[in-house]
Amino acid sequence: MSSDTSAAANKWQLFLAGARQRVQSGGTTLEAGGTLTRLTGLVLEASGIRAPIGSQCLVSLEAQEPVLAEVVGFANERAFLMPAGDVQGLSSGASVVPLAPYVPVPRLGDVPVRKEARSIQGLLRLPLGEGLLGRVVDSHGEPLDRMGPLLDVSARPLDRMPLNAMDRAPVREPLDTGVRAINSLLTVGRGQRIGLFAGSGVGKSVLLGMMARYTQADVIVVGLIGERGREVKEFIEDILGPEGRARSVVVAAPADAPPLLRLQGANYATAVAEDFRDRGKHVLLLMDSLTRYAMAQREIALAIGEPPATKGYPPSCFAKLPQLVERSGNGLNGVGSITAFYTVLTEGDDQQDPIADAARAILDGHIVLSRSLAEAGHYPAIDISQSASRVMHNVVPREHFEAARRFRAINSRYEKGRDLVQIGAYVHGSDPALDEAIHLHEPMAEFLQQDMQVAAPLDDSVQQMAATLEREEAFP
């Protein structure tokens with residue numbers, strides 16, 4: 001063999017050895033880029049890429065910051081993407097490149113998560129871990145509290161395999177929320193999922209803050225989804241307070257965030273709660289609100305052409321709700337738990353609102369806040385006649401359950417006869433049961449009210465309820 005031939009063979013052998021090493025190390029990937037062809041409303045349309053649903057892509061033009069977008073649908077050779085940032089400045093012909101799979105993620109704290117959000121099989125990875133305690137982050141896991149980078153966290157995919165229903169521990173242990181009306185009449189079990197149904201301005205944020213302060217939980221995860229940006233700092237400083245914040249993780253995706261980020265914020269808050277549950281912690285998840293989550297899904301679904309069904313909500317909205325809610329609850333074999341409170345906005349105080357009706361069917365109970373009670377200065381404005389806890393009979397003694405049932409029956413009897421009493425048409429002695437309800441109305445109303453700065457432990461709440469009902473025996 002000539003020297004030239006030998007040299008050429010050695011050169012190719014070295015080239016092949018280097019290529020083989022790069023392939024084995026995963027350091028070289030081929031990126032199939034596409035082109036932005038259309039922007040309609042909220043949706044970007046791209047041609048020339050094939051990426052699975054949920055994949056992250058970068059949309060960019062020269063001399064412009066890339067926009068992160070997620071694949072939310074496709075039709076033939078077109079991919080529909082929902083941007084996670086401002087699309088101002090994008091034009092037809094922009095480059096659309098899927099984030100390469102199997103790319104190592106740089107250590108969090110050195111590089112902003114938005115820029116390093118690589119994926120495994122196209123799925124977004126965000127920071128999870130003990131380092132999130134006491135921090136306020138956005139839907140990308142980027143700190144909003146200006147307290148420096150996140151430490152003691154690792155980037156992991158948000159999607160998880162659903163738990164086998166037979167592996168979950170049943171709800172058997174009561175949870176002290178520190179709210180007298182809930183502890184006594186609507187007792188919550190550890191691992192329960194319950195809805196907080198309220199219109200605007202009836203005190204749901206204050207009630208959430210009371211539970212965040214006083215609930216017996218190891219970790220509190222707060223998801224502020226689609227609410228006013230002003231309320232984020234107010235909730236943290238005025239309602240949570242320093243003690244509540246120290247054991248809390250707050251994920252904020254305010255109303256001006258794109259719908260994709262509002263969806264992602266709710267999923268991220270749930271993933272954070274799941275991570276702490278897997279560590280054996282008892283977690284309190286406060287999601288405000290489930291309605292804004294459904295509205296974000298409605299914006300995305302309608303934008304990509306899904307037909308509206310009930311009052312403008314496409315079918316995918318009602319499919320997304322149980323997928324989110326079922327992730328909370330007790331962990332495998334009783335290790336850790338997530339007790340979740342989801343606020344549900346009732347438009348026009350209509351309890352038959354489609355999202356309210358769907359949420360009531362998939363949750364383990366509902367607490368209704370009444371505007372009439374709030375207008376009368378009755379706080380917390382919990383309407384016990386319309387509220388229910390579906391697991392209360394499993395977590396409290398029979399004596400407690402019977403006392404709560406009697407309390408609710410007397411309150412309901414007064415509500416039915418209220419109009420007759422107020423207009424003076426009722427004659428005392430006509431109905432002994434109503435006479436008794438009138439006699440107990442004032443002490444019962446006093447019992448149900450509570451100052452937000454005062455905690456009401458579970459045992460004390462039950463004793464006070466029993467003492468209130470004892471006045472019934474003294475009624476002549």
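1. A word on terms before we look around: a patch is built from residues with over 30% relative accessible area and no salt bridge, joining like charges within 9 Å and nonpolar side chains (Val, Leu, Ile, Met, Phe, Trp, Tyr) within 5 Å. A salt bridge here is a side-chain nitrogen of Lys or Arg within 4 Å of a carboxyl oxygen of Asp or Glu, and accessible areas come from the Shrake-Rupley method with a 1.4 Å probe, counting only the protein chains shown as cover for residues.

2. Please keep in mind that this is a predicted model, in which local features need pLDDT of at least 70 and side-chain atom pairs count only at pLDDT 80 or more, while totals for chains, interfaces and linings use all residues. Numbering runs from 1 along each chain as its sequence is written, and side-chain values use heavy atoms, leaving out hydrogens and water.

3. On confidence, pLDDT is the predictor's own score for each residue, from 0 to 100. The protein averages 85, and 89% of the residues score at least 70. Over residues 102–121, however, the pLDDT is below 50, though the stretch has 46 contacts in the model beyond near neighbours in sequence (contact: heavy atoms within 4.5 Å). Where pLDDT is low, the predicted coordinates should not be read in detail.

4. Now to the surface. W12, F15 and L16 form a nonpolar patch there, with about 370 Å² of accessible area together. W12 lies in helix 1 (residues 3–25); helices (H or I, at least four residues) and strands (E, at least two) are DSSP runs numbered from the N terminus. W12 counts as exposed because its relative accessibility is 56% (buried is under 20%, exposed over 50%, partly exposed in between, with a 1.4 Å probe and protein chains only).

5. Helix 7 (residues 290–303) is worth a look. Its 14 residues should span 20 Å at 1.5 Å a residue, and the end C-alpha atoms are 20 Å apart, so the two agree; the expected span is 1.5 Å times one less than the number of residues. Among its buried residues are L290, Y293, M295 and I300. G305, with a positive phi near 100°, follows helix 7.

6. Two peptide bonds are listed here as cis: D288 to S289, with omega near 10°, and Y379 to P380, with omega near -10°. S289 sits in the loop between strand 16 (282–288) and helix 7.

7. Finally, D152 has a positive phi of about 55° without being a glycine, and K311 likewise has one of about 50°. K311 belongs to the loop between helix 7 and helix 8 (315–325).
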